[in-house]
Structures are given as structure tokens and as C-alpha cells.
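Please read the points below alongside the coordinates.

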Amino acid sequence: MTSTTTTPQSATTAVALSGVTKVYGRGANAVLALDGVSLDVAPGEFVCLVGASGCGKSTLLNLVAGLDRVSGGQITLAGDANPGLMFQEPALFPWLTVDANVEVPLKLRRLPRAQRRERVAELLRTVHLADFGRKRPHELSGGMRQRVALARTLALDTPVLLMDEPFGALDAMTRDILHDELERIWSERKLSVLFVTHNVREAARLADRIILLSSRPGRIIYSTEVNIPRPRRIDSPEVAAIAAEVTERLRTEVGRHGQ
Amino acid sequence: MASDTLTSSARTDAEITGLDALEIAGRDKEVSRGARIWAATWPKLAALVIAIAAWQLVVWSGWKPPYSLPGPLEVGRELAAQAQGPQLWDGLVTTLRRAAVGYVFSVAVGLLLGLAVARSTVLRAAIGSMITALQTMPSIAWFPLAILLFELSEKAIFFVVVLGAAPSIANGVISGVDYVPPLLLRAGRNLGARGLNLYRYVIAPAALPAIVAGLKQGWAFSWRSLMAGELLVVGISQTSLGAQLTYSRELSDAPWLLSTMIVILVVGLGVDAAFGAADKAIRRRWGVLDQAGN
């Protein structure tokens, strides 16, 4: 039995998964969700995980975030990184204002009040919500809430960002703009991102590397580097070409389950 | 290339600001304070007028003689007279003191019990359903036992008040903790809230609406138990509101009886309104109020 560990010497990888296996349930009801997944994310690398339903994408992020335990294998995070996790829902605390939401991780790290205020203002400027600090989440649009969630995650000051279909519930226009935003923040802050999506175009738009997971159990079946210069546009022919290639593989994988 | 990036980021900024402005347009509808107070007040005034009118009509119909059912005017005069003397206020103070002591103790027991049951699966299996069973027991049915145990005393009343209120409060806590959205728990843990901090930053505030609902129900039970207790357990030193009801009936003093009932009603309504305001404030903060502000 191994679990998430942190070691300072592995500076060449931000996140290292080796032979990660996850089993849910036991005995005859046991379900193998992930089967021997090995994957390294370099510092500053943007990796997209793509797969159909049941490929254990979300399970994988939960394991890396330390919210769940591996059944086998090992997950190593560079330094004492505590990765930030974002979900498809903003998961903001409805009883707190935008300011107070972003402040939660800072409070939990016991930063002094003056410093907290400064950091909250800076983070909200980063996501273009400087004027909305005193609003409550329900007063904002979906895209704005998701940006508050991003600011709150960035408040962890973590080099590793885990994103579980964060833009899946947004309309196309908002999503395009948030892609630009995320790309800018990622490059400014030199983050390592592990981004789960079922939207292949989104993966091609954002990723340095796309990794395709099979379904039931989740295994890595394909991986490709995306060498399109940034900033990219989601409707560019290069992005479309990569997306077409990954979609083809994904369809083959999905078709395998229909036989 | 550099200037290219700059213009593109400036464009993104403009797009974001524009999108935000479009999406939240029309969400900030301010209603004036006066209009809000009026909207909240007039249905209550109307209800009061209808109740008094109906009462007066029944009196005028001659259904019962005026010495057993006096009209609103006579009762109003009696109430005004009572308000001048010490008896009503002494009774009110006694009753409210009992209510406060019983309720505060019930809250302490209910919160602790609720938290313990919500946290521990063993406790839940053992006493979770017992709490629900206790709740179904009409509190007045406890009084004979309470009187056997504590005789005709304040303790008997206290015992029944706590038995009536604490289970409701505990149930509020349990359901509040049970229904904290798992997503918020995961988010909280990821943001670094573990152990007690998870309770402080996520579970307690998320459970607050259900806890307030439990507190409100607990109050209703304790107020009812208290009135039943004061009616049954009379003759102990002080003349509480409940005792005054009993005395006024024994003296066939209908105006006194009705004016005491009005005081009891007003106390109940007042506390209920306070809970209602707390509940509404929470729902407004959470953004779950509907358009009409209900």
C-alpha cells in the first residue's frame, strides 16, 4: 500500500504518477477504476486528460488532490505542493461574499488580515473581478462564479492546478474567453496544470500534451504533444486538426465498448 | 509580436468586462425600504382586522352569553387595565424566565446531541431513531411521569420542556450536517480545511439553515410544553401566565382569561417573527429567496 507522498528532489516533474491503480468496493463488487496509470507532468506544463465516460478522469484528480487514496502505485508531488482543485461547479460558499470566498484559504493559512486583504484584491484583479468583491455568488453569472473559484484556488499559492471539466457548464462564448484567461494566468504564474475534459477541441486549444484514457478501467492509450504556438484560437485549423486526430482515437475506444 | 499580444490581451479584457456587464444586467433590482415594510405589514394588519371582526360578529350573534364570551372591546379594556397592574408583568416575567431557561438548556442539549449523532455512526444507530420517536410523543403525555418524578414543581415543567424541544433541535443539526453538499466538503478540504476547521468554515455555515429550522421547531415545542405545564402544575408560588389562565377560568373571569390568551399569543408570534427574520436573512445571503422576497 502506497499513498501520496511529497519529495523535494524531483524538480523535473511537478506531478508524477507511477502505476496508479484505484479499486472501488471489494470482493465480487470491486470495480477497477484506474489501472496502472503512469504520467509525469513537467513544471509549467499544461496536460489535458481526455476520455469518454467511466475513464476515471475525476477519480485521478481526486487521487492527486489527496481527497482519496490510491489502491496501488504512487503519486509524487514536487516540493510540498498542495494542489488546487477546481470542479465543473464553482463550489463557492454561498454564505460568503466573493471577497470572503477568496479569503478562506488565506485564513486557513493564518495570513495576517492586512496581507489577506491585499492578496484578495490582487487575485480578483487577476480574474477581472476587482469590482465584484462585495457581491454574493448568486448575484454573479456562471462564468464569473467560475473565475471566483479560480481566484480562490490560486489563493492556495500552489504550483499545481487540477481542473475537472471547469468550463463544462458554460456557454461557448464564455468558455472561449475563459480559455484565454486561463492560458494567460497559467503562463504568468508558471503553473503545472492537469485539466480533465471530454471536449477534445478544448484540449487541443489549451494543452501542451493531450492524454487519452480508455474507459473501464482507465488506462492511458494515447498521448500526443500539441506544438501549436500560443496564443491559440479554438477555431484555428491547427487546433481542429489535432482535435480530429484525438477524436478519431476516442471514437475507436468508445466503439470497442459497443461490441 | 509583443504588441500583438498586448492588443489581444486588451481585447480579452474588454470582452470579459462586456460579457460580465451583459450577464448581470437587471439582477440588481432595489425595492425601497418603505415598500418592503408595507408589503410585509399589510397582510398581518388585514388578518388582525378580520379576526377581530369575526370575533365581534360571533359576540353580536348572541351565540354565548357575554359573561362567557365577551367582545373585543371589553377584553381590550381588561388588557389595558392588566397592563397597568403588576400581576400581568409578574406573570409574563415568570413565564418568559421559565421559557428562556428551558429553551437555552434544550438548545445546549440538542446541539451537543445532534453533533454527536451526526458524527458517530454508532451513536446514530443507537439513538438516532430514538430521537425521532421522542419527537412524536405529545409533550403533555410526559407530565404525569414528570409530576411523579419531581412533584408539582418547576423541575417538572423544565423536564418536559427540555424533552419537547431538545429532540427537534438535535434533528435539525443532524439533517443539517447530513445534507451539506459533498462538493462543498471536497472544496473545503482542498482549500486546507481539515478537522475542526472543516466544521468551522464549511459544515457549520452550510448546516445553518437546517439548524435554524430545528431551533424554530424546538421553540414551538418548548412553548407548548411550557403552557401545558403551567396549566397543570399550578399552585407553586408564582402566578405565571398559564396559572393566570387557570385562575381566571376558576373565577369565571372571561375578560381576564381572554386578555391573558392574547398576551400568550403575542409572545408566541413575537418569537416566531424573530425566527422568521433570522431564516429570511440566511436565505437572502444564500440567494435562495424567490422574486417576491418570500
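The numbered points that follow comment on the model in turn.

1. This is a predicted model, in which local features need pLDDT of at least 70 and side-chain atom pairs count only at pLDDT 80 or more, while totals for chains, interfaces and linings use all residues. Residues are numbered from 1 along each chain as its sequence is written, and chains are lettered from A, with ligands numbered from 1, in the order in which they are written.

2. Chain A contains seven helices and 10 strands, where helices (H or I, at least four residues) and strands (E, at least two) are DSSP runs numbered from the N terminus. Its radius of gyration is 19 Å, close to the 18 Å that the globule rule gives for 259 residues, so chain A is as compact as a globular protein of that length; the radius is taken over C-alpha atoms, and the rule is 2.2 Å times the number of residues to the power 0.38. The C-alpha trace of chain A spans about 55 × 45 × 35 Å along its principal axes.

3. Of the 259 residues in chain A, 43% are buried, meaning that 20 or more other C-beta atoms lie within 10 Å of a residue's own, against 12 or fewer for exposed and partly exposed in between, with C-beta atoms placed from the backbone. Among contacts in chain A with a separation of 6 or more, 74% join residues 24 or more positions apart, a contact being two C-beta atoms, placed from the backbone, within 7 Å.

4. A:Ser53 sits in the loop between strand 4 (46–51) and helix 1 (57–65) of chain A, and it counts as exposed because it has 10 C-beta neighbours inside 10 Å. The C-alpha atoms of A:Ser53 and A:His198 are separated by 8.3 Å, although these residues are 145 apart along the chain.

5. The contact between the chains takes 27 residues from chain B and 32 residues from chain A. On the side of chain B that touches chain A, the largest share, 11 residues, comes from helix 1 of chain B.

6. Within chain B, the axes of helix 4 (residues 86–119) and helix 7 (residues 154–178) come within 6 Å and cross at roughly 40 degrees. That makes helix 4 of chain B oblique to helix 7 of chain B, since angles under 35 degrees count as roughly parallel, over 145 as roughly antiparallel, 65 to 115 as roughly perpendicular and the rest as oblique.

Definitions and conventions. Axes are lines fitted to C-alpha atoms, for helices over the stretch in contact, and angles run from 0 to 180 degrees between N-to-C directions.
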